[in-house]
Every structure is written in C-alpha cells, then in structure tokens.
Amino acid sequence: MAIGVVVVVAGGAFLVISGGAPSEQDTVVKFARAWNAGDYATMRAQTTGDDQDRYSARAFAGRYTDAAGTATATKVVAGQPRDDGDGHWELPVTVQTRSFGPVTGRLRFDVVKDGDDERIDWKPSLVFPGLTAGERLRRTTTMPARADLLARDGTPLAQGAERSSPLGATAQAIVGALGPIPETYKDKAQELGYPSDAQVGISGLERTFDERLAGTPGGQLRAGVRLLAERDPRKAAPVRTTIAPKVQEAAVTALAGRLGGVVALRPKTGEILAAAGIGFSGLQPPGSTFKIITATGVLANGVAKPSDAFPVQTAATLEGVELQNANGESCGGTLAESFALSCNSVFAPLGAKLGAQKLVATAEAFGFNQPTGITGAATASIPPANEIGDDLAVGSSAIGQGRVQATALQMAIVAATIGLRGRRPDVTLDPDRWKGAAPTHEATSSKVARQVEKLMLGVVRYGTGKVAAIPDVKVAGKTGTAELKSTQACKPEDAETDPERCGPDQQSDTTDTDAWFSSYAPAGNGTPRIAVGVLLVGAGAGGDTAAPAARQVLLTGLKND
C-alpha cells in the first residue's frame, strides 16, 4: 500500500512523496534530503553494501565535491522523486552555479533489495544531473575583462588590460599587482569558478577587491562532449575605493622611494585615504610611538599623573641593566615633558610598574594582536603577558622595543583612537562598507584620551616632533626611533673595544634605527579629519625624517578632505 511522506528540502519547500514501497520511498527521500544538506555520509549509507565496498566514504564524497567544484555549484535542490515502478526512480535536481546559473536535470536510478533493506544501486553518473554512464563532468572557463578600480572621486586607479592610470606611480603605489593564483587562494578561486591559469590580485587594492573586480566567469559545462550549460563571461561594474588622489600623491611623495610605509586615514569614517610602500605589510618595532599606548595604560590605571615629576637622567636601570635614552641624552621632568622629549628613562620604568598584563591589555584595546580588517595587512603584535618576561623585558616593550611589532597602518589607527576620544575605529578601503561614521571600540576613557592628546600636542609644540607643526592647526603626534641595533652614544674609548658599533664608519650611521611618526589633526575637538602613520626603515630619528614626511600628508589631507 502506498503511503505519503512529507520532507523539508532546501529553501523550506515541502515535498509530499507518494507511491512505491515504504522502504524504497524512505531510502530515496533520505538520499535526496542528505544531498540538499551536503551530507555525503548519509547519502552513501543509502547505497548498497557492494557500492560502499567499492567507494570509500572519502571517495564517495570526493565524487560529489569534485562535480560541485567543476560546476561552480553553490546549492543543490532535489525535487520530488517519482516512482517509475519495479524499483526504478527518477529524481529531478537543480544545481545553482556561479558560472552557468541553474543547471537542471533528472537522475534515474534503481532501488534494489540489499539483504533486508532497500538500497540505491549507485553509479558515478548520479553525482550531477544530466550525466549518463561513462560520462564525466568538465568545464571550460573564460574570465571577463577585469573591472576598473577607481579613487573616491572616480579617478581611475587601474583600468583596462594594462591596469593603467592617469595618476601613474601615485596609483601604482596602492593598486598592487596581478599574478597566478596563490596557494592560499586556490580553494576560493575554484569555488568562484576561476580557471587554474587565471590572473588574480596578489597585493594592494587588486587583492583586496579581487572578487568584485574579477566579474563572473563564463564558459561551457559539458557531460562528456554533450553541452549541459553555457554562459558568456560578465564584466563587473567599476569598483570605487576610499583612496583620495591628492592625499595618495602626498604619501608617495613623502615616502620618496625610501623603504618604509605611509598610511593616512579619516578617523571618523575609518576610510583609508592613502597608503604607500609597506604601510600595510611592514612589521617593525614601533619604538617610542608605542609610548602613546604606554601613557594611556599608565594614566588609566593611576600609575602616574600628568603633573608627576621624574628624575632628569640619561638612563634607567631595570633588572640590573641600563636602558638609555636615545644617544644617551639626559631628560626627565613632568610626565608631559618626559613624553614630549621621549624619555626612555621615564617610560621604561613606568611600563614595568604598570606591568605586563595591563600593558598588553591596553595595546590590544588599541588593536594589537587583532586583524585590521584590511586584506593582506599584517597584524601588529605584542607577546602575551606571561611570555614577555621580567621588568627589563616589560620596560623594553613599553618603549616599543623587545618583541613588539607594528605597521604604519596600525600606528595611524592608534593616533586616530586618541583623536576620537578613546574610540578605536574600524578601517576600510570600501566607501560603501558602512554609511557615515565607522564602528568604534572603546580603547580608553574620554578623560584619559584627552590627557594623552595633551601629551601628543606637547611633542609637536616643543618636543621631538616640532618639525610636524602646521600654522594655525593643532597637530598631535609622537615620534619614534626604534633601535635595530644599539643607539647608545659611543665614547672615544669604545671605538677600540666595540669597533662594530663605535668604529669611525659607524659613529655617524643612522641606518640602525627605524624612524616613526604617529599623528592626527586637528586636535582638541574630538573630530580629527586625518590621522597619519609613517615608518621609514633604517632612516634615523623619527623627529628628523618621519615627522616631516607626516607633515606633508597631514597638510594635504586637511586641504583635500
């Protein structure tokens, strides 16, 4: 006697299946339902014992996943099975594909007695609708012309097969390159239907927006030699980015061909206005720009107040080891003065007093140890608190040395966070990602952020970053001079005992330090219009080289926002 069975399949549709022996129905329904869910183990369980001996679970699943990959399938919808009598069944199947749209066909198979059960007599042709015995699914794919990349104002950054731009080198600095599919992208590329020899974005904006730029592949899907489906490739619409041409030009000019990175962003919206060099990818010790974070932790946890005074000295001793100020300079005074003059002798002990746990927590609140959300961007890092080590290691970390690593992008985010009164913005290269203000995350209180802002204003007014000053504009910044070797001043007698560091050829060498500057403007109102991070590898002191580079970009950003 025939009975009805109600089954929920993909999309929430209800199928009422009738006819045939109950055990046959049950087997077919379970097979169809499992296919809709991608449950290959349950599908295989509905096949005969001989079939299961012939095809292992891995081989069985592989037949289906290979077919789905070839077809660029995104979804399978099995319709209402029909009993043709004598164990013959027909199952309509629609496969949604990226490259060919919906592909529809019918599977015909037999349900046979297998011991006490009714099981499907499975054949490899059952992996895709339209296949017959002995046929294999195959695809030929054609990629469309790549879409144009545009700046925020519509200026082409990369267009046509040559990926050219009227901005020339200014655009090339951010656009990135095309190349063979990287190993890490192969699964995704196959899912999108790219041919194995496709050229994809491997860096810069080409990588960030690769899927949108690539368009929809076309081609032919065949069962053996028979055509199952075909579609012409479709070029995607132009992709607009957040890049501001004038600010981008300023960033490239400021970098001046040097090894390093420059990143500018709009704090309120999180939009990246410019990026040059290794601004996203170059991880280096951030040096004293990290004191923005240390000062935040110190003030937030009551370790010190802005008015507290500290000894004027050339070095601090932690764990019996001297940590000297840059070039052995003598400095100290109030916290504000010590910050403006970038005194390691003050901030290393303060970092040790703050402690590793609170130092790391503060850094992570500013975005360290977390992806930036920008494709291909490196993640700034600080070791876990329990791995940093003793007070000397904590003190070194507090001044941006040790195992602390950052990018120019990250230090632009740090500056923007202070400028936004302690709210860290999410950053983006997509102007349509969110409307209006960017989502933000509390890094510190508004009170502490205002205190740190005053410290950063002092850096530009009378400290190590005076060269970044802009008339009639409040610029907040922090210089950084990160030691790649030792920057301790050499004495005459050291030339003989330590020639590698203090010999005549080394004493005037500035290539053993990275120059940094982290900044924003205008300061003072909680709504800065631009934040800039600059890293110049092996370029000496941050105040000498990175600060003037940042000033160029700040000034241009304020004029062209």
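User: Are C331 and C343 buried or exposed?

Analyst: Both are buried: C331 is, and so is C343. Keep in mind that this is a predicted model.

User: What joins C331 to C343?

Analyst: A disulfide, with an S to S distance of 2.1 Å. It links distant parts of the chain, 12 residues apart. C331 sits in strand β21 (residues 331–334), while C343 is in the loop between α11 (335–340) and α12 (344–354).

User: And how many disulfides does the count come to?

Analyst: The count comes to 1 disulfide.

User: OK, switching to sheets. What's the strand order in the open sheet of 3 strands?

Analyst: The order is β8-β13-β14, and the pairing is antiparallel. The edge strands, β8 (137–142) and β14 (226–231), each pair on one side only. On average, neighbouring strands of this sheet are turned by 15 degrees against each other, ignoring direction.

User: How many bridges are there between β8 and β13?

Analyst: There are 6 bridges, in the antiparallel sense, between β8 and strand β13 (residues 218–223). As an example, L137 has A223 in β13 as its bridge partner.

User: Which helix lies across β8 and β13?

Analyst: That's α4 (residues 57–71), and it runs at about 25 degrees to β8.

User: Which residues of α17 are buried?

Analyst: They are V448, A449, V452, E453, L455, M456, L457, G458, V459 and V460.

User: What do those buried residues of α17 pack against?

Analyst: They pack against the helices α10 (291–300), α11 and α16 (408–419), plus the strands β24 (476–483) and β25 (513–521).

User: Last topic, R258. Where is the place of R258?

Analyst: R258 is in the loop between α9 (245–255) and β16 (260–266).

User: Why does R258 count as partly exposed?

Analyst: Because its relative accessibility is 34%, and partly exposed covers the range between under 20% for buried and over 50% for exposed.

User: What is R258 in contact with, leaving aside its neighbours within four places in sequence?

Analyst: R258 is in contact with L536, T545 and A549. Its side chain also reaches the backbone oxygen of A254, at 2.7 Å.

Key: Residues numbered from 1 in each chain as written. Predicted model: local features only at pLDDT ≥ 70, side-chain atom pairs only at ≥ 80, totals over all residues. Heavy atoms only, no water. Disulfide = S-S within 2.5 Å. Helix = DSSP H or I, 4+ residues; strand = E, 2+ residues; numbered from the N terminus. Buried < 20%, exposed > 50% of the residue type's maximum accessible area, 1.4 Å probe, protein only. Pairing = 2+ DSSP bridges. Axes fitted to C-alpha atoms, helices over the stretch in contact; angles between N-to-C directions. Contact = heavy atoms within 4.5 Å. Polar contact = N/O pair within 3.5 Å; in protein donor to acceptor, adjacent residues only side chain to side chain.
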